[in-house]
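Work through the following exercises with the sequence and the model open side by side.

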Amino acid sequence: MSEEPLRIDLADPGPHTGLTRAKLADRCEVAAVVLESLHPANSPAVPACIERADIKRVARILWARPDQQQRDANANRLKASEEGAEGVAFATVWRTDKYRVKMRAYHGSGADWLLQKEGAADEDFVRLEVSGIVGEAHPGSRLREKVEELREGLLRRPGIALVVVFSETPVRVLMEDVP
């Protein structure tokens, strides 16, 4: 019997206490715009594969259909891929590890966001570095760049590098844990 796909629902990305509802909704909206533009036949759901430590996990990313105003507001594909990747990342780390966004990381920390599990001590957190790819790119190289950013950051904490490859079917979510 095959494993049930992990449900990555952008309409229910998890209880991220370090994000305003508006910012969380925005990042998930942007992800929906990118996903719908690249996978219109599958909208509003697309198969995905989470790749982490040589383990591939089947997943399904779901979203609410964006309207024309939302598509227009997120027409810059480069910006949309970066911001949308954050929405996918927030939902993914919640579903895979029960991490919540604690706060935006400061400049120079080597990360975009700080994550924490519910009930963890204030100093018990990890960093999250995120990137999104649309079109031709080299996902493995981008993941290595994100890993290096975590390693070179001034904040000495474990982290997760995460790259969302929107333009592939299934959508690939590459994750690497950095001690």
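Two strands are said to pair if DSSP finds at least two bridges between them. The model used throughout is a predicted one.

**Exercise 1.** Determine which strands pair with S5, and in which sense.

*Solution.* Begin with strand S4 (residues 99–104), which pairs with S5 in the antiparallel sense over five bridges; within this pairing, Tyr99 stands opposite Lys117 of S5. Turn next to strand S6 (residues 126–133), which runs antiparallel to S5 and is joined to it by three bridges, with Leu114 standing opposite Arg127 in S6. Finally, consider burial: strand S5 (residues 113–117) is largely enclosed by the rest of the structure, because four of its five residues are buried.

**Exercise 2.** Decide whether Glu129 is buried or exposed, and identify the polar contacts of its side chain.

*Solution.* Locate Glu129 in strand S6. Its relative accessibility is 3%, and since buried means under 20%, Glu129 counts as buried. A polar atom of the Glu129 side chain lies 3.2 Å from the backbone nitrogen of Asp112, while a polar contact of 3.0 Å joins the side chains of Glu129 and Lys146. Leaving aside residues up to four places away in sequence, Glu129 also touches others, including Leu150, Ile160 and Leu162.

**Exercise 3.** Describe how helices H1 and H3 pack.

*Solution.* Helix H1 (residues 21–38) packs against helix H3 (residues 77–97) at an angle of about 115 degrees, the axes being 7 Å apart, and H1 passes H3 in a left-handed crossing. By class, their contact comprises nine nonpolar, four polar and five charged residues.

Technical notes. Residues are numbered from 1 along each chain as its sequence is written. This is a predicted model: local features need pLDDT of at least 70, side-chain atom pairs count only at pLDDT 80 or more; totals for chains, interfaces and linings use all residues. Side-chain values use heavy atoms; hydrogens and water are left out. Axes are lines fitted to C-alpha atoms, for helices over the stretch in contact, and angles run from 0 to 180 degrees between N-to-C directions. Helices (H or I, at least four residues) and strands (E, at least two) are DSSP runs, numbered from the N terminus. A crossing is left-handed if the near helix is turned anticlockwise from the far one by less than a right angle, and right-handed if clockwise. Ala, Val, Leu, Ile, Met, Phe, Trp, Tyr, Cys and Pro count as nonpolar, Asp, Glu, Lys and Arg as charged, and the others, Gly among them, as polar. Buried means under 20% relative accessible area, exposed over 50%, partly exposed in between (1.4 Å probe, protein chains only). A polar contact is a pair of N or O atoms within 3.5 Å; within protein, one must be able to donate a hydrogen and the other to accept it, and residues adjacent in sequence count only if both atoms are side-chain atoms. Contact means heavy atoms within 4.5 Å.
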